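Subject: Structure handover

Dear colleague,

I am passing on the structure we spoke about, together with notes on what was found in it. Please read the notes with the model open.

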Amino acid sequence: MTNTETNKELATEISQRAAKAARSIATLSTEDKNAALQRMADSIRAHQEKILLANAADLRAGEEKGLDAAMMDRLALNAERIEDMAKAIEEIIALPDPVGESYLLEERPNGMRIDKMRIPLGVICMIYEARPNVTADAGALCFKSGNAVILRCGREAIGTSKVIAEAMHSAIEASGLPKDVVTVVPTPDRDLMAELLKQSDYIDLVIPRGGEGLIHYVSDNSKIPVIQHYKGVCHLYVDKDADLDKALALLLNGKTQRTGVCNALEAVLVHSEVADKFLPMAAKALAEKNVKIHACSGSLEHFDGAEHIADNAFGEEYLALEIAVRKVNDYSHAVEHLHQFSSGHTDVICTENETTARKFIADIDSAVTMWNTSSRFSDGGQLGLGAEIGISTSKLHAYGPMGLQSLTTEKFVVTGNGQIRP
């Protein structure tokens, strides 16, 4: 048997088992799901030492491979991050269960009642790179929303993810359920992933979360609907009516609080009327944080050691202590820049002018559009969704942080009393 045939058989087996398992939880009561989720959280805590050992091995392999600082930060776990994983599951327990929610759409003249009801999607395939916490977050979110999930983790985090999955499996089986409701693909082999992307008979949705190359590969090769979680080129626009101290705080938090995440700032736009006041403030504060500056011609003079960036070269996701700076002529110039270079993830305006803020919210259609708050809040947990499966930059059927409701769909329920169509 060739390697291609082996991968095809394995992909089919994984998908079939997940589809069968999905049926076992699709109608599970909220109480039973929450009890199983609590066991998962407790099991992750109990497996902390084993998870850390596996993560240490993944980190050593990452260093040998020469992974950059951003990816190493995403990969690394410690006791605090493991506890955060467990707490994220407990936050999901506390959230309302969307499955089975229904509402009246219409009562027809012939007496038929038309309702819509939320149901699970079925089987979700999650493809991600060096984020072992996604294993727990995605597993728990899919479980609570009544879906089975197939988790295809990148080579960088496969060891850690397998151990996290083992912890979750022990809890799932203790709840009398098949462990295949959460499956970690045993190998990161690209050919196996390609075969999974063909399993349209069993998998209902694919969610890739990672670098541009991964997103494009999945989108180009999947025979299954894909929701993209594209790069986060997040902007802060400092308007002429901004409180500059507030703007500086948003800039520093958005850029330096944690750099290797998709909701970190990658560019700041400054209105020309406040540039001479704000840019020196920003230059001093960013220098103290050792942030590398890529400055446009109009802002270059305010920064020591900055690299010049051409007007057509913006749009980079640095995921590091680096940021692009551009002085814009006015509000319209800022909007024009965002339409050209934003990735549609998160964009922020800092202004005390409500009219301008409301216009910005209408003009910019990024998944998360913010007024006077840090881009770092563009996160499912921070926005009250509990753990998120990611931040969708596709507009169908979910846009922005994807929580429980985004992992369901709606069906029509029609109730009659013997009506027939004339």
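Two strands are taken to pair if DSSP finds at least two bridges between them. Leucine 104 stands opposite aspartate 115 in strand 2 in this sense. Please keep in mind that this is a predicted model.

Overall

The protein has 13 helices and 16 strands. Its C-alpha atoms fill a box of roughly 70 × 65 × 40 Å along the principal axes. The radius of gyration is 24 Å, which agrees with the value near 22 Å that a compact globule of 422 residues would have.

Strand 1 (residues 102-107) pairs with strand 2 (residues 113-120) over five bridges, in the antiparallel sense. Besides the pair already named, tyrosine 103 has lysine 116 of strand 2 opposite. Five residues lie between the strands of this hairpin, and glycine 111 takes a positive phi near 95° there.

Another open sheet has seven strands in the order 10-9-11-8-7-12-13, and here the pairing is parallel. Strand 10 (307-308) and strand 13 (368-371) are its edge strands, each pairing on one side only. Strand 12 (residues 346-350) runs parallel to strand 13 and is joined to it by four bridges. Within that pair, valine 348 has methionine 370 in strand 13 as its bridge partner.

Helix 10 (residues 244-256) packs on the sheet, where it touches strand 7 (234-238), strand 8 (265-271), strand 11 (322-328) and strand 12. The direction of helix 10 makes about 160° with that of strand 8. Helix 13 (residues 354-363) also packs on the sheet, touching strand 7, strand 12 and strand 13. Its direction makes about 175° with that of strand 13.

Helix pairs

Two packed helices are described by the angle between their axes and the distance between the axes. Two such pairs are noted below.

For helix 3 (residues 48-65) and helix 7 (residues 158-174), the axes come within 7 Å and cross at roughly 165°. An angle over 145 degrees counts as roughly antiparallel, which makes helix 3 roughly antiparallel to helix 7. The crossing of the two is right-handed. On the helix 3 side, the contact is made by Lys50, Ile51, Ala54, Asn55 and Asp58, which meet Ile158, Gly159, Thr160, Val163, Ile164 and Glu166 in helix 7. By class, this contact has five nonpolar, three polar and three charged residues.

For helix 5 (residues 79-94) and helix 6 (residues 133-144), the axes come within 10 Å and cross at roughly 15°. That makes helix 5 roughly parallel to helix 6. Helix 5 passes helix 6 in a crossing that is right-handed. Here Met85, Ala88, Ile89, Ile92 and Ile93 of helix 5 meet Asn133, Ala136, Asp137, Ala140, Leu141 and Lys144 of helix 6. The contact of helix 5 with helix 6 has eight nonpolar, one polar and two charged residues.

Regards

Terms used:
Residues are numbered from 1 along each chain as its sequence is written. This is a predicted model: local features need pLDDT of at least 70, side-chain atom pairs count only at pLDDT 80 or more; totals for chains, interfaces and linings use all residues. Side-chain values use heavy atoms; hydrogens and water are left out. Axes are lines fitted to C-alpha atoms, for helices over the stretch in contact, and angles run from 0 to 180 degrees between N-to-C directions. Angles under 35 degrees count as roughly parallel, over 145 as roughly antiparallel, 65 to 115 as roughly perpendicular and the rest as oblique. A crossing is left-handed if the near helix is turned anticlockwise from the far one by less than a right angle, and right-handed if clockwise. Contact means heavy atoms within 4.5 Å. Ala, Val, Leu, Ile, Met, Phe, Trp, Tyr, Cys and Pro count as nonpolar, Asp, Glu, Lys and Arg as charged, and the others, Gly among them, as polar. The radius of gyration is taken over C-alpha atoms; the globule rule is 2.2 Å times the number of residues to the power 0.38.
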